[in-house]
Amino acid sequence: MEASQPVIHHHPSKLPCPGPELNAPLQEWDKTAFSPPPQILPFVAIICGSGLGGLADLLENSVAFPYKDIPRFPQSTVPGHAGNLVFGELQGKACVCMQGRFHYYEGYSIAMVTYPVRVSTLLGVETLIVTNAAGGLNPKFNVGDIMLIRDHINMPGLFPCMSDAYDADLGRLAREVAEEQGCSSFLQQGVYCNVGGPAFETVAESKILLSLLADAVGMSTVPEVIVARHHGLRVFGLSLITNLLDSEELERNDEGRKGEYCSCVEGMMGRIHCKQNDLLV
Ligand SMILES: O=P(O)(O)O[C@H]1O[C@H](CO)[C@@H](O)[C@H]1O
Ligand SMILES: Nc1nc2[nH]cnc2c(=O)[nH]1
């Protein structure tokens with residue numbers, strides 16, 4: 001190895017622990033105050049982005065817990081985030097779906113934004129699927145495209161090592177599923193940039209982000225991914241491009257291809273197996 005090459009750590013379990021403030025809420029988690037249905041042991045958690053919570057309606061044998069009934073859980077304040085933790089089965093696979101996520105711009109600390117990810121690890125989750133609504137920066141993108149998140153840019157900071165945050169096998173699987181479902185023509189792949197929000201970018205800001213090689217921009221996802229990787233979860237992410245940032249006039253379409261996005265996640269669930277078994281590819 002050349003002296004100038006960075007040292008890359010590949011084992012999340014060996015990465016440094018987050019600060020005590022990040023651990024605090026989890027230590028307070030009262031396991032007796034909230035019990036998921038015993039017959040559903042989720043090994044996948046899905047975080048639904050803005051307007052994308054309809055996915056939870058596809059779960060079978062589902063049981064929903066409003067966030068307001070879960071002790072110490074943050075509350076959803078943003079439109080398009082219903083605020084339910086839904087347990088159920090998708091394609092026969094046990095999962096837990098967050099119908100609503102938390103954002104830093106809502107006033108939550110990053111510890112609280114990522115709290116549900118760490119709670120999900122207590123429930124036995126080993127794979128995290130993150131989804132979001134994002135603005136397209138890449139000039140080849142169209143509104144309604146679905147972007148497979150290949151990497152991210154996290155403006156606020158970096159830790160632990162994120163060189164392999166998004167699971168390559170799950171990415172391959174997603175492309176196969178998209179091909180089978182006739183979605184390849186609008187499946188993009190790219191880098192998601194997390195900004196603080198809540199305002200969308202100015203034209204000048206969009207140009208800066210594009211020059212940093214970001215393909216899409218949003219106000220979420222990355223903190224959840226960092227915490228999930230810190231816990232050793234596999235991560236897979238999709239962005240639904242709801243608008244483009246290539247002109248001063250913002251054209252927004254939140255409906256986009258929600259149906260296709262749900263089918264892609266469903267298709268993925270059909271092919272993901274828990275750790276004892278290998279991925280079916
Ligand atoms: O990232 P999700 O939760 O999908 O939400 C996205 O949509 C909201 C903007 O409409 C922002 O919060 C942005 O981050
Ligand atoms: N920051 C940001 N978040 C978004 N979420 C959906 N679209 C956008 C966007 O254009 N910019």
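I take a residue as exposed when its relative accessible area is over 50% and as buried when that area is under 20%, with partly exposed in between. The structure I examined is a predicted model.

**Entry 1: salt bridges**

I searched the whole structure and found seven salt bridges.

I then turned to the side chains of Arg 229 and Asp 164, which form a salt bridge at 3.7 Å, N to O. Arg 229 belongs to helix H6 (residues 222-230) and Asp 164 to the loop between E6 and H4, so this pair ties together parts 65 residues apart in sequence. I noted that Arg 229 is buried at 12% relative accessible area, whereas Asp 164 is partly exposed at 28%.

Within helix H4 I checked Arg 172 and Asp 169, which are three residues apart, about one turn of the helix. Their side chains meet in a salt bridge of 2.5 Å, N to O. Arg 172 is partly exposed, with 44% relative accessible area, and Asp 169 is also partly exposed, at 36%.

**Entry 2: strand E4**

I examined the cover of strand E4 (residues 93-99) and found seven of its seven residues buried. In a regular strand, side chains alternate between the two faces of the sheet. On one side of E4 I listed Lys 93, Cys 95, Cys 97 and Gln 99, and on the other Ala 94, Val 96 and Met 98, all of them buried.

I next looked up the pairing. E4 runs parallel to strand E1 (residues 44-47) over four bridges, and Val 44 has Cys 95 as its bridge partner. With E3 the pairing is antiparallel, over seven bridges; here Leu 90 stands opposite Lys 93. Two residues separate the strands of the E3 and E4 hairpin, where Gln 91 adopts a positive phi near 55°.

**Entry 3: His 81**

I located His 81 in the loop between strand E2 (60-66) and strand E3 (84-90). His 81 is buried, at 6% relative accessibility. Its side chain makes a polar contact of 2.7 Å with the side chain of Ser 50. Beyond four places in sequence, I found His 81 in contact with residues including Cys 48, Gln 99 and His 103.

**Entry 4: a surface patch**

I noted a nonpolar surface patch of about 280 Å², made by Met 155, Ile 208 and Leu 212. Met 155 sits in the loop between strand E6 (146-154) and helix H4 (168-180) and is partly exposed at 44%.

Methods
Residues are numbered from 1 along each chain as its sequence is written. Chains are lettered from A and ligands numbered from 1 in the order in which they are written. This is a predicted model: local features need pLDDT of at least 70, side-chain atom pairs count only at pLDDT 80 or more; totals for chains, interfaces and linings use all residues. Side-chain values use heavy atoms; hydrogens and water are left out. Patches are made of residues with over 30% relative accessible area and no salt bridge: like charges are joined within 9 Å, nonpolar side chains (Val, Leu, Ile, Met, Phe, Trp, Tyr) within 5 Å. Accessible areas come from the Shrake-Rupley method with a 1.4 Å probe; for residues, only the protein chains shown count as cover. A salt bridge is a side-chain nitrogen of Lys or Arg within 4 Å of a carboxyl oxygen of Asp or Glu. Buried means under 20% relative accessible area, exposed over 50%, partly exposed in between (1.4 Å probe, protein chains only). A polar contact is a pair of N or O atoms within 3.5 Å; within protein, one must be able to donate a hydrogen and the other to accept it, and residues adjacent in sequence count only if both atoms are side-chain atoms. Contact means heavy atoms within 4.5 Å. Two strands pair if DSSP finds at least two bridges between them.
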